[in-house]
Amino acid sequence: MRLNFSGGRALVTGAGKGIGRGTVKALHALGAAVVAVSRTNTDLVSLSEQCPGIETVCVDLGDWEATERALGNVGPVDLLVNNAATLQTQPFLEVTKHVFDRTFNVNLRSVVQVSQIVARGLIQRGVPGSIVNVSSMVAHVTFPNLAVYSSTKGAMTALTKVMAAELGPYKIRVNSVNPTVVPTAMSQKVLTDPDFARKLKERHPLRKFAEMEDVVNSILFLLSDRSASTSGSGILVDAGYLAS
């Protein structure tokens, strides 16, 4: 399945590291004009060196006003990947207001805000578009110490469906990808205990975690016209975990 995004302009949040960075590189290689958004400027500088010609925006998406200033006039965007996220592990009884607010602001509120900006532009231009929300399998299953993070991803499942329903008449598709553990710096926060990591991997029927490329490929599929009749759905990139 050969994909070509030439002529399209994509915006990717959380573009500095991990899945977001991999998505920017893949879209750039497939011909898209890419706007890479991250709160870490050094990551954007190195990404620009690897992907000459991309646009970069450095902003903390947890700050509504700063995000509006940075992206309010971003221009025409055809494809959006809401990937920005933060993860801080806390047992439920130790959850703090700061962690709760910060996590929801970055993981969920920014999805609403950035999607509004992009969707309004698509509607004004009268053109179709595709939005992919990067969620997690913890939207469906429980992991210890992830009460707040899991809640943001569970809420993202509902948000994805509502967005798909309301934006569908404008030919804007909205879907999510829900990966299991991926070898990124964020995932390592969950896998600090080697014994837990081993047991968790063994619970996956494929006896492995997901590779970043697996998640990126699912994102690309949902962004592309190859998934033209798919909206309001979520692709589980979980090595069979939910089947276990």
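**Close-ups of helix packing and nonpolar cores**

Helix 3 and helix 4 run roughly parallel to each other, since their packing angle is about 25° and angles under 35 degrees count as roughly parallel. Everything in these views comes from a predicted model.

**View 1. Helix 3 against helix 4.** Helix 3 covers residues 64–71 and helix 4 covers residues 97–125, with the two axes 11 Å apart. The crossing here is right-handed. On the helix 3 side, the contact is made by Trp64, Thr67, Glu68 and Leu71; helix 4 answers with Arg109, Gln113, Val114, Gln116 and Ile117. Sort the residues of this contact by type and you get four nonpolar, three polar and two charged.

**View 2. Helix 1 against helix 7.** Here the axes come within 9 Å and cross at roughly 55°, which makes helix 1 oblique to helix 7. This crossing is right-handed too. Helix 1 brings Gly18, Ile19, Gly22, Thr23, Ala26 and Leu27 to the contact, and they meet Met212, Val215, Val216, Ile219, Leu220 and Leu223 of helix 7. The tally for this contact is nine nonpolar, three polar and no charged residues.

**View 3. The largest nonpolar core.** Zoom in on a core of 30 residues, where Phe5, Val24, Leu27, Ile219 and Leu223 have the most contacts inside it. Several elements supply at least two residues each, including strand 1 (9–13), helix 1 (18–29), strand 2 (33–38) and helix 2 (41–50). Helix 7 gives the largest share, six residues. As background, nonpolar side chains in soluble globular proteins tend to be buried together.

View 4. Which residues is Val24 in contact with, leaving aside its neighbours within four places in sequence? They are Val12, Ala15, Val34, Ala36, Leu47 and Ile54.

View 5. Ser224 sits in the loop between helix 7 and strand 7 (234–237). Is Ser224 buried or exposed? Its relative accessible area is 5%, and buried means under 20%, so Ser224 counts as buried. Not counting residues up to four places away in sequence, Ser224 touches Leu3, Phe5 and Arg173. Leu3 is 221 residues away from Ser224 along the chain, yet their C-alpha atoms are separated by 7.2 Å.

Key
Residues numbered from 1 in each chain as written. Predicted model: local features only at pLDDT ≥ 70, side-chain atom pairs only at ≥ 80, totals over all residues. Heavy atoms only, no water. Axes fitted to C-alpha atoms, helices over the stretch in contact; angles between N-to-C directions. Helix = DSSP H or I, 4+ residues; strand = E, 2+ residues; numbered from the N terminus. Parallel < 35°, antiparallel > 145°, perpendicular 65-115°, else oblique. Left-handed = near helix turned anticlockwise from the far one by under 90°. Contact = heavy atoms within 4.5 Å. Nonpolar A, V, L, I, M, F, W, Y, C, P; charged D, E, K, R; others polar. Core = buried A, V, L, I, M, F, W, Y, C linked by side-chain atoms within 4.5 Å. Buried < 20%, exposed > 50% of the residue type's maximum accessible area, 1.4 Å probe, protein only.
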